[in-house]
Amino acid sequence: GDSTFANSNTVVLTDANSGWNNLGSFTVGDDGSGNVLIASNGATILSSNATIGAGTVIGNNNFMLLTGAGTVWSNQNKFVVGSFSFGNRLVISNGAALFNGNGLSVLGNSSTANSNSITLTDAGTSWSSDGSLLVGSNGSMNRLVISNGAFVGDGFGVIADRASSAGNEVVVTGPGSVWSNRFDCMVGDEGNGNRLVISNGAVVFADVGYVGTSSTSSSNLVVVTGGGSTWTNADDLVIGDIGPGNRLVVSNGGKVQNLVGFIGLNTPSSNNTVLVTGPGSQWTMPNGAIFVCISTSVGNQLVISNGALAHCGQGWIGFDGSPGPNEVTVTGAGSTWSNSSGLTVGRLGDRTRLVVSNA
């Protein structure tokens, strides 16, 4: 699918003796649309740099399927789904594997690269990369789905890398499904309105977790829901580093674990919220601390409701000189905020509140 007239072409590789060895770049849909590549039953693809949907003119709605145990795509450098175009898709299923080297992996590269998707499904299916993974570098409405026991591993994981990148989503769902980031996981590095959903027993790992990293990254959301669903950060978790209106929701038995938790870290990170709700739902950092507003930001809130638990070493509401208001609410029978070391309401901040209600 090289030119704007090269549409709806198909290549099929099937069985363990089938392969396509590309010493240089490899493209499915350069300016062409609706092109298809299927690799199955142990077939192999080798490439240096790879793109699905490269075109600057059209190059939309191209599709690639890797399926079956032993089916492998090994790419050495940069990997892109949706360079300038929209609606391009990659599906990896039934034990197939994609390996990417040190190069960047991007879903939705430019501001016109919207509504592209990568879906991994089934146990044994994997995508492993030594480099960073960007879901929405500049593009919007791009989507990564990791389901039914599939695995994705990378260096840095970023949803919405630039300010133009909005409405992107990563969904990790089902028992055994894993998104493992060796370094940080950022939801809304610069973009707004992006989501990470961890559900039905899935797990996400990172070193440091961020929701709303910069001043332009507002209204981003992370949802951790369902028994066994876990977001584990070896170090800190920051809800609103600089960005305003970002949220974390932990519900229906979901769990979030980290060392230190910040809600509203730096000015102007206002109106950020963490909601932990429902029996079995937990936000825990036994040897760390929860800071509800550590700077001069305002309107940040932690709500623990309907039998949920937040547990930390030290609790702080209004750590530095915020004019407030900043607030923690613990409400409903069995809801608990457990601080094993101490709790300070208003160290330097004004209009700081702790509300404990309804048993």
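Predicted model: local features only at pLDDT ≥ 70, side-chain atom pairs only at ≥ 80, totals over all residues.
Let me start with the aromatic cluster, which brings together Trp20, Phe26, Trp73, Phe79 and Trp127. When the whole structure is searched for aromatic pairs, nine of them turn up.

A pair of aromatic rings is described by how far apart the centres are and by the angle between the planes. For Phe156 and Phe183, the ring centres are 5.0 Å apart and the planes meet at 25°, and because planes under 30 degrees apart count as stacked, this pair is called stacked.

Where do Phe156 and Phe183 sit along the chain? Phe156 is found in the loop between strand S17 (151-154) and strand S18 (157-159), while Phe183 belongs to the loop between strand S20 (178-181) and strand S21 (185-187), so the pair ties together parts that are 27 residues apart in sequence.

Phe262 and Phe291 make another stacked aromatic pair, with 5.3 Å from centre to centre and 10° between the planes. Here the partners lie in strands, Phe262 in strand S30 (residues 261-263) and Phe291 in strand S32 (residues 282-292), and the pair links distant parts of the chain, 29 residues apart. Are these two residues buried or exposed? Both Phe262 and Phe291 are buried.

Now let us step back to the whole chain. Its secondary structure comes to 37 strands and zero helices. If you take the contacts between residues at least 6 apart in sequence, 87% of them join residues at least 24 apart.

What about the overall dimensions? The C-alpha trace spans about 65 × 35 × 30 Å along its principal axes. For a chain of 359 residues, a compact globule would have a radius of gyration near 21 Å, and the 22 Å found for this chain agrees with that.

Notes: Residues numbered from 1 in each chain as written. Heavy atoms only, no water. Helix = DSSP H or I, 4+ residues; strand = E, 2+ residues; numbered from the N terminus. Rg over C-alpha atoms; globule rule 2.2 N^0.38 Å. Contact = heavy atoms within 4.5 Å. Phe/Tyr/Trp six-rings, centres within 6.5 Å; stacked < 30°, edge-to-face > 60°. Buried < 20%, exposed > 50% of the residue type's maximum accessible area, 1.4 Å probe, protein only.
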